[in-house]
Amino acid sequence: MSDLRQDIAIRRAVPADAEPLQALGIQSFVAAFGHLYPQDDLDAFLRDNYGLQSWRRQVSRPDRPIWIAESPDGSLAGYAQASPCDLPVDPMPDGALQLRRLYVRPDILSLGVGAALMGPVLDWVDAAGRPPLFLGVWSENVKARKFYSRYGFTRVGEYDFPVGAQVDLEFILRRD
């Protein structure tokens, strides 16, 4: 399997990226999890969490950086989004941060794009004084949990993640 890291350009998102981010977010979520939910629940979740206006606001927020991985042809290969932590962590450490999403285009999973995106995320954490970094991951997403463990994330909790009537178990992972 090839590694695309050397061919990927990483940059911060700008307002013009809102539509491509929305499209990739929806495409990635549906590819990974769409089969788990009734269509009405999935449609409502996507409408509530991946709306274009929401993406336009998020791209403009300095406290929620979004890094884009671009393929050599200029297409969006993936993105990572971070923020102050709002996961149900108790007690919440001062300055805790969160990796909100790390999505890679479904047709190029496992080719190094996720690893390329982790670099700027971890640099951002280092620049903030290296506070704890948290993330939530679906409990049954073994591949993602394995990926995050390579970066020092360990399970420290869990919470319920509702998608319509279905409630999934999410693990909270922490990296110190």
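Biologist: How are α1 and α2 oriented to each other, roughly parallel or roughly antiparallel?

Modeller: The axes of helix α1 (residues 18-33) and helix α2 (residues 39-49) come within 11 Å and cross at roughly 150°. Axes are lines fitted to C-alpha atoms, for helices over the stretch in contact, and angles run from 0 to 180 degrees between N-to-C directions. Angles under 35 degrees count as roughly parallel, over 145 as roughly antiparallel, 65 to 115 as roughly perpendicular and the rest as oblique. The two helices, α1 and α2, are therefore roughly antiparallel to each other. Helices here are DSSP runs of H or I with at least four residues, strands are runs of E with at least two, and both are numbered from the N terminus.

Biologist: What kind of model is this, and how are its residues numbered?

Modeller: This is a predicted model in which local features need pLDDT of at least 70 and side-chain atom pairs count only at pLDDT 80 or more, while totals for chains, interfaces and linings use all residues. Residues are numbered from 1 along each chain as its sequence is written, and side-chain values use heavy atoms, with hydrogens and water left out.

Biologist: What pLDDT does the protein chain average?

Modeller: The average is 93, and 97% of the residues score at least 70; pLDDT is the predictor's confidence in each residue, from 0 to 100. Confidence is lowest in helix α3 (residues 52-59), at a mean of 93, and highest in strand β5 (residues 133-138), at 98.

Biologist: What makes the contact of D63 and R61 a salt bridge?

Modeller: The term requires a side-chain nitrogen of Lys or Arg within 4 Å of a carboxyl oxygen of Asp or Glu. The side chains of D63 and R61 meet at 2.8 Å, N to O, and therefore qualify. A search of the whole structure finds nine salt bridges. Another of them joins R105 to D107, with the closest N and O atoms 2.7 Å apart.

Biologist: Are R105 and D107 buried or exposed?

Modeller: Buried means under 20% relative accessible area, exposed over 50%, and partly exposed in between (1.4 Å probe, protein chains only). R105 has 18% and is therefore buried, whereas D107, at 55%, counts as exposed.

Biologist: Which strands pair with β3, and in what sense?

Modeller: Two strands pair if DSSP finds at least two bridges between them. Strand β2 (residues 66-70) and β3 pair in the antiparallel sense over five bridges, and I66 has Q81 in β3 as its bridge partner. Seven bridges join β3 to strand β4 (residues 97-104), also antiparallel; here P84 stands opposite L97.

Biologist: In what order do the seven strands form the open sheet, and which stand at the edges?

Modeller: The order is β1-β2-β3-β4-β5-β7-β6, with mixed pairing. β1 (9-12) and β6 (154-163) stand at the edges, each with a single partner strand, so one side of each is left without a neighbour in the sheet.
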